[in-house]
Amino acid sequence: MECCKCKKKLIQKKTVFRYLEHEMYQEVLCCPVCGKAFITKEFADGKMKSVEMELEEK
Ligand SMILES: [Zn+2]
């Protein structure tokens with residue numbers, strides 16, 4: 001996979017996500033040049049779901 005803008009190979013990078021006041025660290029693919037993170041829809045949906053489930057438990 002490469003950045004569609006820079007044509008550079010994507011690298012794994014630890015990125016923080018914020019959702020419903022939660023912070024999550026996750027390794028994601030991102031461009032070493034422009035820093036754009038490439039997150040699949042499946043990943044985003046799964047992540048959001050796990051947070052929502054966590055909130056319901058409390
Ligand atoms: Zn790029």
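Tutor: The chain has a radius of gyration of 13 Å, whereas a compact globule of 58 residues would have one near 10 Å. This radius is taken over C-alpha atoms, and the globule rule is 2.2 Å times the number of residues to the power 0.38. The structure is a predicted model, in which local features need pLDDT of at least 70 and side-chain atom pairs count only at pLDDT 80 or more, while totals for chains, interfaces and linings use all residues. Residues are numbered from 1 along each chain as its sequence is written.

Along its principal axes, the C-alpha trace spans about 45 × 20 × 15 Å. Of the 58 residues, 2% count as buried. A residue is buried if 20 or more other C-beta atoms lie within 10 Å of its own, exposed if 12 or fewer do, and partly exposed in between, with C-beta atoms placed from the backbone.

The chain holds one helix and three strands, and its elements run β-β-β-α from the N terminus on. Helices (H or I, at least four residues) and strands (E, at least two) are DSSP runs, numbered from the N terminus.

The part to examine is the sheet. Strands of a sheet pair through backbone hydrogen bonds, either parallel or antiparallel. Here three strands form an open sheet in the order S1-S2-S3, with antiparallel pairing. Its edge strands are S1 (11-19) and S3 (37-38), each of which pairs on one side only. Two strands count as paired if DSSP finds at least two bridges between them.

Strand S1 is joined to strand S2 (residues 22-30) by nine bridges, and the two run antiparallel. Several partners can be followed along this pair. Glutamine 12 of the chain stands opposite leucine 29 in S2, lysine 14 has glutamate 27 in S2 as its bridge partner, and tyrosine 19 is bridged to histidine 22 in S2. The hairpin of S1 and S2 has two residues between the strands, and in it leucine 20 takes a positive phi near 50°. Of the nine residues of S1, the number buried is zero, so this strand lies largely in the open.

Histidine 22, which has its place in strand S2, counts as partly exposed because it has 13 C-beta neighbours inside 10 Å.

On its other pairing, S2 meets S3 in the antiparallel sense over two bridges. In this pair, cysteine 30 stands opposite alanine 37 in S3. Six residues lie between the strands in the hairpin of S2 and S3, where glycine 35 takes a positive phi near 80°.

Glutamate 52 is found in helix H1 (residues 41-57). This glutamate 52 is exposed, because 12 other C-beta atoms lie within 10 Å. Glutamate 52 and threonine 15 are 37 residues apart in sequence and 20 Å apart in space, C-alpha to C-alpha.
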